[in-house]
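Me: I would like to go through this model by question and answer, moving between single residues and the packing of helices. Please show it first.

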Amino acid sequence: MSAIRLAWYKVHMPLVFYSAYLSVAPGGFESSMVENGKRGVLARLADIDQKIKDNTATQKDKEMVTALQLAYECLARDIEFLPVDLMKSDSFKFLPEDGKIRMPFSSVEGIGENAAIKIKEARDSNEIHSVEDFQQKTMLSKAVIEVLQKNHVFDNLAQTNQLSIFDLLG
């Protein structure tokens, strides 16, 4: 009966199905997996397959196979992944949004469980004015802040709380 339910959701409500499945994917999901679309996912799968044949694959590589296959299936069905967003992403859940799937903070490589929780808590409980303000409120390491910057999470935030003369004039 469970298989029938899963199949029904996969066919009739694919966004809900993929969002839920990826949220609990045992091998994890990294946002970088879908950056290059279907070709990138297939290339990563081929790379892992070769590592498995050569007996050089890590446990993490092997665990990623299911998430990669599911990501490819989503992309093949024209379901796009939205990047991590400071104001819209959840700590761990993939969220359906406008016919696409919004990736959570935990999907960014280098963001652990505690950091993902702190990011969401800071966002939900405070107004964040700058990257500097965000770092003070979350107490996250500089390395985590750099990972978030690299993934464009702070694109709409100023770096510091200081105003320039141009901010006052403009």
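Me: Is F154 buried or exposed?
Reply: This is a predicted model, in which local features need pLDDT of at least 70 and side-chain atom pairs count only at pLDDT 80 or more, while totals for chains, interfaces and linings use all residues. Residues are numbered from 1 along each chain as its sequence is written, and side-chain values use heavy atoms, with hydrogens and water left out. Buried means under 20% relative accessible area, exposed over 50%, and partly exposed in between, for a 1.4 Å probe and protein chains only. Because the relative accessibility of F154 is 4%, F154 counts as buried.

Me: Where does F154 sit, and which residues does F154 touch beyond four places in sequence?
Reply: Helices (H or I, at least four residues) and strands (E, at least two) are DSSP runs numbered from the N terminus, and F154 is placed in the loop between α7 (142-150) and α8 (165-169). Contact means heavy atoms within 4.5 Å. Not counting residues up to four places away in sequence, F154 touches L86, V131, F134, I145, L148 and Q149.

Me: What separates the C-alpha atoms of F154 and D85?
Reply: Along the chain, F154 and D85 are 69 residues apart.

Me: Is R123 buried or exposed, and which backbone oxygen lies 2.6 Å from a polar atom of its side chain?
Reply: R123 lies in helix α5, and R123 counts as buried because its relative accessibility is 12%. A polar contact is a pair of N or O atoms within 3.5 Å, where within protein one must be able to donate a hydrogen and the other to accept it, and residues adjacent in sequence count only if both atoms are side-chain atoms. The side chain of R123 makes such a contact with the side chain of D124, at 2.9 Å.

Me: Which residue has its backbone oxygen 3.1 Å from a polar atom of the side chain of S91?
Reply: S91 lies in the loop between β1 (81-82) and β2 (95-97), and S91 counts as buried because its relative accessibility is 6%. Leaving aside neighbours within four places in sequence, S91 is in contact with P104, F105, S106, A116, I117 and K120. The backbone oxygen 3.1 Å from a polar atom of the S91 side chain belongs to A116.

Me: Is E127 buried or exposed?
Reply: E127 has its place in the loop between α5 (113-125) and α6 (131-138). Leaving aside neighbours within four places in sequence, E127 is in contact with D133 and K137. With a relative accessible area of 59%, E127 is exposed.

Me: How many helices and strands are there, and what percentage of residues is buried?
Reply: From the N terminus on, the elements run α-α-α-α-β-β-β-α-α-α-α, which gives the order of 8 helices and 3 strands. Of the 170 residues of the protein, the share that counts as buried is 38%.

Me: Are α3 and α4 roughly parallel or antiparallel to each other?
Reply: Axes are lines fitted to C-alpha atoms, for helices over the stretch in contact, and angles run from 0 to 180 degrees between N-to-C directions. Helix α3 (residues 37-53) and α4 pack at an angle of about 155°, with their axes 9 Å apart. Angles under 35 degrees count as roughly parallel, over 145 as roughly antiparallel, 65 to 115 as roughly perpendicular and the rest as oblique. The relation of α3 to α4 is therefore roughly antiparallel.

Me: Which residues of α2 meet α4?
Reply: Helix α2 (residues 14-23) and helix α4 (residues 59-76) pack at an angle of about 165°, with their axes 11 Å apart, and these two helices are therefore roughly antiparallel. On the α4 side the residues are T66, L70, E73 and C74. On the α2 side they are Y18, Y21 and L22.
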